[in-house]
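Let's take a walk through a protein model together. Have the sequence and the 3D view open, and follow along as we go.

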Amino acid sequence: MADNQCIAGIYLDEKYKVRRRPEVEHEQAVAIYDLLEDNHFAPKGGFEGPYSVHMRIEDNRIYMDVRGDDDTENLTTIVVPLTPFRRIVKDYFMICESYYDAIKKATASQIETIDMARRGLHNEGSEQLRELLSEKVTIDENTARRLFTLICVLHIRG
C-alpha cells in the first residue's frame with residue numbers, strides 16, 4: 001500500500017453476529033486480509049488516508065463509516081442501498097451452497113463449472129458496487145470484489 005488513499009483497517013458490525021459456516025468465515029478472513037494487503041479507496045471530499053472503515057447494515061442500507069487511520073474521527077459516512085443487491089446476493093448464496101456441497105462429492109469439472117458461475121456472480125456484484133459508489137468513493141476492481149464479499153457476509157443474519 002504505497003498509496004495513502006487506502007483502507008488500513010476494516011471492521012464489520014458484530015451486532016448481528018451469527019455462527020456461520022467455516023467456509024464463510026474463511027471467505028471473510030481472506031477478503032479482509034487481501035483488502036488490507038492491497039486496495040485503493042479514495043472517498044470524495046479531499047480526505048487524507050489511510051482510512052479505517054466500519055461497515056454495517058441498517059435500515060436496508062450499507063453504511064461505511066470512514067475514519068482516519070487513528071480510528072477516532074468519522075470523516076464521512078458512505079451509504080448505499082441494499083435493494084439493488086438483493087437478487088445477486090441471493091443467487092450468490094445459492095451458488096456458494098452448491099459449490100461447498102460440490103467440493104465434497106462432485107467431479108473436478110462439475111466443481112469448476114459451479115466455481116465459474118460463482119465468480120461470475122461475484123464479479124457482477126462487485127461491478128454493481130463500484131457503480132453505486134462511483135459518486136462517493138473511488139475504488140479499484142479488487143477492492144470492490146473484497147468489499148462485496150464483506151457485504152455478503154454482513155448480509156448473513158440469524
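Is Glu124 buried, exposed or partly exposed? Glu124 is partly exposed, with a relative accessible area of 36%. Here buried means under 20% relative accessible area, exposed means over 50%, and partly exposed is in between (1.4 Å probe, protein chains only).

A quick word on ground rules. This is a predicted model, where local features need pLDDT of at least 70, side-chain atom pairs count only at pLDDT 80 or more, and totals for chains, interfaces and linings use all residues. Residues are numbered from 1 along each chain as its sequence is written, and side-chain values use heavy atoms, with hydrogens and water left out.

Back to Glu124, which sits in helix 3. Helices (H or I, at least four residues) and strands (E, at least two) are DSSP runs, numbered from the N terminus. Leaving aside residues up to four places away in sequence, Glu124 touches Arg87 and Ile88; contact means heavy atoms within 4.5 Å. Helix 3 has 26 residues and reaches 37 Å from its first C-alpha to its last, close to the 38 Å expected at 1.5 Å a residue. That expected span is 1.5 Å times one less than the number of residues. Its buried residues, including Ile114, Leu121 and Gly125, pack against helix 1, strand 4, strand 5 (74-81), helix 2, strand 6 (137-139) and helix 4.

Now hop over to helix 2. The 20 residues of helix 2 (residues 86-105) should span 28 Å, and its end C-alpha atoms are 29 Å apart, which agrees. Among its buried residues are Ile88, Tyr92, Ile95 and Tyr99. Seen down the axis of helix 2, the buried residues fall within an arc of 160 degrees, so they line one face of the helix; the arc is that of the directions from the helix axis to the C-beta atoms. On the other side, Lys90, Met94, Lys104 and Lys105 are exposed. The buried residues of helix 2 pack against helix 1 (22-37), helix 3 (108-133) and helix 4.

Next up, the strands. Strand 3 (residues 51-58) has 7 of its 8 residues buried, so it is largely enclosed by the rest of the structure. Two strands pair if DSSP finds at least two bridges between them. Strand 3 runs parallel to strand 1 (residues 7-12), joined by 5 bridges, and Ile10 has Val53 as its bridge partner in strand 3. With strand 4 (residues 61-68), strand 3 pairs in the antiparallel sense over 8 bridges, and here Met55 stands opposite Met64. The hairpin of strand 3 and strand 4 has 2 residues between the strands, and Asp59 takes a positive phi near 50 degrees there.

Finally, look at the charges. A salt bridge is a side-chain nitrogen of Lys or Arg within 4 Å of a carboxyl oxygen of Asp or Glu, and by this rule the count comes to 8 salt bridges. One of them joins Arg118 and Glu27 (4.0 Å, N to O). That pair links distant parts of the chain, with Arg118 in helix 3 and Glu27 in helix 1, 91 residues apart. Arg118 is buried, at 12% relative accessible area, while Glu27 is partly exposed, at 28%.
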